[in-house]
Amino acid sequence: MKYKLRHLTHYQYSGPATLSHNEARILPRQLPWQTCSNTQLIISPDAIGLSERQDFFGNRVAYFAIEAVHNSLEVVVSSDVETFPRPAQDFFSGTAWEDAAAEMSRAVRTGNRDSIAARLFVLDSPFVMRQPALREYALASFAPGRLLRDALLELNVRIFNEFTYDEDSTTLATPLQEVLEHKRGVCQDFAHLLIGCLRAMGLAARYVSGYMETSPPPGQEKLLGADATHAWVAAFIPGWGWQEVDPTNGCVPDERYIVLGWGRDFADVTPLKGVMTGGGEHKLTVAVDVLPVIDVASERLLI
Amino acid sequence: MQPSGTKDPALRDLLGDYPGHSGHDELLSPNQQPRAHWQPLLAEIVAMGADTLVARSEEAQSLLHENGVTFNPYEDDPGQLRSWRLDCMPCVISDADWSYLEAGLRQRSRLLALLLDDLYGQRQVIDEGLLPPELVYTHPGFLFSAADVPSLVHRPLLIFHGTDVIRDEHGQWQVLADWTQSPAGVGYALENRITLSRALPGVYRDAPIKRLAGFLQAQHRCLASLAGSQRQEPNIVLWTPGPGSPGYFEHAWLANYMNFPLVEGDDLVVRDGQVAVRTLGGLHQVDVIMRQINDPWCDPLELRPDSLLGVPGLMQAARSGHVHIVNALGAGVLEHPALAAFLPNLCQRLLGETLMLRGRDALWCGDLQALEQIRGSMDEWVLRDITRPGKTFRVDQMGLAAVQSLRLDLQSRPHLFTAQKPLQAGVTPGFNPASKTVERQTTTLRFFSAIEADDINKPVNEHSFRIMPGGLAWVGEPGAPLMKSRVVKDIWVLAQAPQPHVSMLRQAQGPILVTRDGKDLPCRVAESLFWMGRYGERLDIRARLLREALGRLLQESPQEAVVTLLPDLLTALGVAPDEEELADELAAIGEHPRFSPEYLLARDRLLNLLTDQAPDGLPMTFSHFVRNSRAVRDHLGDDAWRSVSSIRQRCNAISRTKGVVAGQRLLEAIVIDLAAFFGLCNETMPHHYGWRFLDIGRFIERVLGTLQLLKLALLTANQPGIPLWEVVLATTDNFTVYRRRYRSQLHPSAILDLLLFDESNPRSVGYMLKRLGRQVARLPSTSENTSYRNLENRLIIQATSTLHLVDIDSLADLQHSEDARDILMALLDDLIEPMAELSDAVSHSHFSHVEASRQLVTMDVAH
């Protein structure tokens, strides 16, 4: 699929800020099944020292500072993204979950490099602390000897079925325990929850941030800015690789999913971080468009 | 009961109960004879005699105390004072022992440098299974943001390194810990050496001890070469968390010794990708930062967002090569206690050598086999949790519930724990001044290494290190932290022959000699100097006033309440009760056979000013003064600092003093100490901007104090007249001058002449305005080229002209003419107003007002 991607982040401050340093993780990664071109980053007011690097996880990070007195900050990224089918399940992904967990806790000397690298994602991270309740919840899907990929898909669907999407129920700071109790949350919470469940089972799981193409209600035209940033999960199947799942929609990500980056949890892939002097309170507006490039008409919508 | 094995009775007395230890003994060989390398020192000590040694030991102690050497962060808080005792008996290391130790320490530094480079680069040690990922990635010192794709500029990460070692029961050296962020103690080691060589000059002059100063020169060269050829006069700063931090004394000491500006987080800012210090002359670019702050707190953008000490954007500046941070951010991961278990293998793999200095026996609990072993024998181990550094768990010293919770933690997060075998240490001798004998001690030694300056641009596998031939030793259980120790020691590394004496202090300066005009003074330092001046002067004025008031208290008849000066003095000190309070308090005091209630009230209110609780009491004013002095410790001479220490001791004693006479004496002493302090500042501080701000602070305070006092004594007092005027003259120390000049009875016009108009009298307002004018005119200015005068100058001109334009005749008859009094009142008010405004104006133009920074996204998560 071909997409025109546009992601706008706007912060309005209640007072003037004199200096700010920022880090943005909003440039899509290059992947075997995803290419990006014509990527543009527009920052206003003018940014100083804009530079791009790759972080520990290989994500693209843009650093910039704003040194003029400013009352708002706007960051717009636009890019042409083309996605292809992700690698399909095959013989090598048919690992029993116990074997996968054993691989993750094997003595280091005998592990293979991909497995050793994946072990970071079994550990606790700032937003995801393993706890018995998570293991208890997950256990129903992990019958002895079951294939990891089957258990994973079932757990993914269970979360989708048993939890309610509710934007008002949680904040960034809502602990996993609470999400589990109230069975409500947003994509971030569900991703963290699934990661926590997998890690509690001794498996490696990482947080993926990105976008998903959404369709307008039947018969209506798609509204600009109606899309949103999204988050899902990838679990490590030793000997095969990372399998993505989306607990918010209970499905397996396909070509409609655009990957920005990944990390241990949200903290590693926060889209826009900043520290400023002054500024007071601030108000955030985000607008995302993931527009499929089908015909000339939809091209015209993008200015 | 123990045969001392020595025939010299004096030596036998000195050794007392020391001999007879069955394990390793530093001092005595197994046949209980002093080892050869201790003999010269023992001979000196015996010759000197125990009593002399006690006296010298006390001398050393008071030297340390006067210099304020302490780890105590709450030095200005009276109840918390705690400092070290410096043992006058050093740890002596023989030439042969040193050769091995030095080689082992150098190897260790090389090994850790290579390991660090790999951990933040290729991470082969993880890929190859030499280090488990769980061990590395869970350590709070492993910074993911420092581990991005390697930059093109190669630079060394590990520059300085500190290692704690101890000799075990078998005489083997064992490493207890590595310090790789900002190893503390070099400054203390030197200070101890300087102190002891002053207290025991004979011993230190003659012994063939390796000198320490060369190592600091080497450190200086390292830092200078890091800045490299980038700029002609590289700016190297020492970054401290501030006066509240336990190591602040050392930070200030090092900054002074190495001639680096001492900066705090608020002094630094990242602009245009460069790190800069906010100075009086604007932003001043920084090339190298010698940091004394732990990794996670250094940059609230990329590291802990809740850090108030850090500098946003610092990591990016370091990443792009615009600034060098020493040691590099992320080096803290090498302080992981479980590395000890992996270093022998790593040494083979990375260096191809056998590890010379073994760590203490340790197991990493993340290893399943190790975990089984530990769970089976929990009471044989000391456990450490890397997320709670400094804390140790010993099952045999814990309650049941605590053990249970520890077992659970160990079960669910084993990779956070390291188990160490308790260590049986050998004994070292220490001199106990109370028993006047040598006693057995357990001593930990900290050694320091620095990369050779010439190797800085070489690849990391070619780095070599230099070890400081000496270090810092402290007494305590093996593994007990330095900060908790009560006794510290010097370390002597013996050389083959006497070493040429290198002057420890100024000669040891590194190659960079920057002539400072003072414009590079951080704004924060200027501000602290200014307030130190103001509070110091305020302390002086109030001490003098209170001294006079206590004097009056003794002179006056305790029965008469009405014709006394006391109410006016209470007003001058700002503690006069208002009418309502007066009635209540007098009623509460009630009748007393010998004293009138008014007298008792005044006495109570005056003595109250000597207590800690009084909001404008002397101890409180002093604590403001000392807080500002501590923040500029590196700008004050040692002698000036000694007078601060002396005032502190007096202030600690002050609140316990309850008598009027004793109070008076203390106040006398404080006045003299303060005079000494400011005198020494004038004598020793370069007369640059820093000193000017100090002086401006003092004189603003003094001019305001004098004007208020004149207003009270001549215009608003209940009981104006000669006794009160005497107080004015005494408070301003002008009694003698007055008498010599006027040889007459006190007269208001003469007082005005002396204290207001006479520009040659340093206590007159006229003189003070002139001095302030001169100082303010020489402050850095942004409008040098224009004839426009800034607000500070205008305010002084305004006050000076007001004073100059007075018609003195109109003030002639103050005692009888209401007009004259009105004119004087207007005059004093017209002088007070611009002077009060001057303080704000100076502050506004020159001091930085850093707003707290905020996070765009707040993430309240556990760290």
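1. A:Lys183 sits in the loop between α5 (176–182) and β7 (184–185) of chain A, and its phi is near 55°, a positive value in a residue other than glycine. Please keep in mind while reading that this is a predicted model.

2. Now step back to chain A as a whole. Chain A has seven helices and 13 strands. Its radius of gyration is 20 Å, close to the 19 Å that the globule rule gives for 303 residues, so chain A is as compact as a globular protein of that length. Along the principal axes, the C-alpha atoms of chain A fill a box of roughly 60 × 45 × 40 Å. Of the 303 residues in chain A, 45% are buried. Among the contacts in chain A with a separation of 6 or more, 75% come from residues 24 or more positions apart.

3. Helix α6 of chain A (residues 187–200) is worth a look. Its 14 residues reach 20 Å from the first C-alpha to the last, close to the 20 Å expected at 1.5 Å a residue. This helix is mostly covered, with 13 of its 14 residues buried. Just after α6(A) you will find A:Gly202, with a positive phi of about 85°.

4. Where do the two chains meet? The contact takes 35 residues from chain A and 34 residues from chain B. On the chain B side, the elements that give two or more residues are α5 (124–127), α6 (133–137), β7 (268–271) and β23 (853–855). By class, this side of chain B has 16 nonpolar, nine polar and nine charged residues. Strand pairing also links the chains: β12 of chain A (residues 272–278) and β23(B) pair in the antiparallel sense over three bridges. Within that pairing, A:Val275 has B:Gln855 as its bridge partner.

5. Next comes a sheet in chain B. Three strands form an open sheet in the order β7-β8-β9, with antiparallel pairing. Strands β7 and β9 (282–285) of chain B stand at the edges with a single partner strand each, so one side of each is left without a neighbour in the sheet. On average, neighbouring strands of this sheet are turned by 45° against each other, direction ignored.

6. Looking inside that sheet, β7(B) pairs with β8(B) (residues 274–279) in the antiparallel sense over four bridges, and B:Arg271 stands opposite B:Gln274. The loop between β7 and β8 of chain B holds B:Asp272, which has a positive phi of about 50° although it is not a glycine. B:Asp272 is partly exposed, with 13 other C-beta atoms within 10 Å.

7. Strand β14 of chain B (residues 382–385) has antiparallel pairings with β15(B) (residues 392–394) over three bridges and with β16(B) (residues 417–420) over four bridges. B:Arg384 stands opposite B:Thr392 in β15(B), while B:Asp385 stands opposite B:Phe417 in β16(B). The hairpin of β14(B) and β15(B) has six residues between the strands, and B:Gly390 there takes a positive phi near 90°.

8. Finally, have a look at two cis peptide bonds. One joins A:Ser44 and A:Pro45, with omega about 0°; A:Pro45 lies in the loop between β2 (34–44) and β3 (48–54) of chain A. Another runs from B:Val326 to B:Asn327, with omega near -15°; B:Asn327 is in the loop between β11 (324–326) and α12 (339–351) of chain B.

Terms used
Residues numbered from 1 in each chain as written. Chains lettered and ligands numbered in written order. Predicted model: local features only at pLDDT ≥ 70, side-chain atom pairs only at ≥ 80, totals over all residues. Expected span 1.5 Å × (residues − 1). Buried ≥ 20, exposed ≤ 12 C-beta atoms within 10 Å, placed from the backbone. Contact = placed C-beta atoms within 7 Å. Nonpolar A, V, L, I, M, F, W, Y, C, P; charged D, E, K, R; others polar. Pairing = 2+ DSSP bridges. Axes fitted to C-alpha atoms, helices over the stretch in contact; angles between N-to-C directions. Rg over C-alpha atoms; globule rule 2.2 N^0.38 Å.
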